[in-house]
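Subject: Structure for your review

Dear colleague,

I would be grateful if you could read the notes after it with the structure open.

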Amino acid sequence: MDNRTAIHIIIKDKNGIILEEDAYALSSYNEIGIFDVLPLHTNFISLVKEKLTLHKERENKDMEIGFGLLKVFQNKVHIYLGLPDPDEKIPSEPTTMINK
């Protein structure tokens, strides 16, 4: 794959790298809807959800995800998976101060 027409994608979770490879494009979902990342895309950060699709030369590779953080920087895409659902309510518990 030609570096000028490819993006380098690294997908990680808390245990390490899940996938690292080049693709012609990447599609995912955020709060606004579906979006694509193409080679030489502007740098940005977004929360992603539901699914990632890597667009390869002869195939598309779909990956079901929960929630993650996507960072595009200098033609590389870093995706960190395993984030909690940002819309899920966290039960409030009283905090206890420890005096030393």
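This is a predicted model: local features need pLDDT of at least 70, side-chain atom pairs count only at pLDDT 80 or more; totals for chains, interfaces and linings use all residues.

I begin with the core. The largest nonpolar core comprises 18 residues. Those with the most contacts inside it are Ile 9, Ile 11, Leu 26, Leu 70, Val 77 and Ile 79. Two or more residues come from each of the strands S1 (7–13), S2 (16–23), S4 (34–37), S5 (44–55), S6 (60–73) and S7 (76–83). The most is given by S6, which supplies four residues. In soluble globular proteins, nonpolar side chains tend to be buried together.

Apart from its neighbours within four places in sequence, Val 77 is in contact with Ile 7, His 8, Ile 9, Ile 10, Leu 26, Val 37, Leu 70, Lys 71 and Val 72.

I turn next to the surface. A nonpolar patch is formed there by Ile 45, Leu 47, Leu 69, Tyr 80 and Leu 83, which together have about 430 Å² of accessible area. S5 and S7 are the elements that give two or more residues to this patch. Leu 47 lies in strand S5. Its relative accessible area is 46%, between the limits of 20% and 50%, and Leu 47 therefore counts as partly exposed.

Finally, the strand pair. S1 and S2 pair in the antiparallel sense over seven bridges, and a hairpin of two residues joins S1 to S2. Within this pair, Ile 7 stands opposite Ala 23 in S2.

Yours sincerely

Note on methods
Residues are numbered from 1 along each chain as its sequence is written. Side-chain values use heavy atoms; hydrogens and water are left out. A nonpolar core is a set of buried Ala, Val, Leu, Ile, Met, Phe, Trp, Tyr and Cys residues joined through side-chain atoms within 4.5 Å. Buried means under 20% relative accessible area, exposed over 50%, partly exposed in between (1.4 Å probe, protein chains only). Contact means heavy atoms within 4.5 Å. Patches are made of residues with over 30% relative accessible area and no salt bridge: like charges are joined within 9 Å, nonpolar side chains (Val, Leu, Ile, Met, Phe, Trp, Tyr) within 5 Å. Accessible areas come from the Shrake-Rupley method with a 1.4 Å probe; for residues, only the protein chains shown count as cover. A salt bridge is a side-chain nitrogen of Lys or Arg within 4 Å of a carboxyl oxygen of Asp or Glu. Two strands pair if DSSP finds at least two bridges between them.
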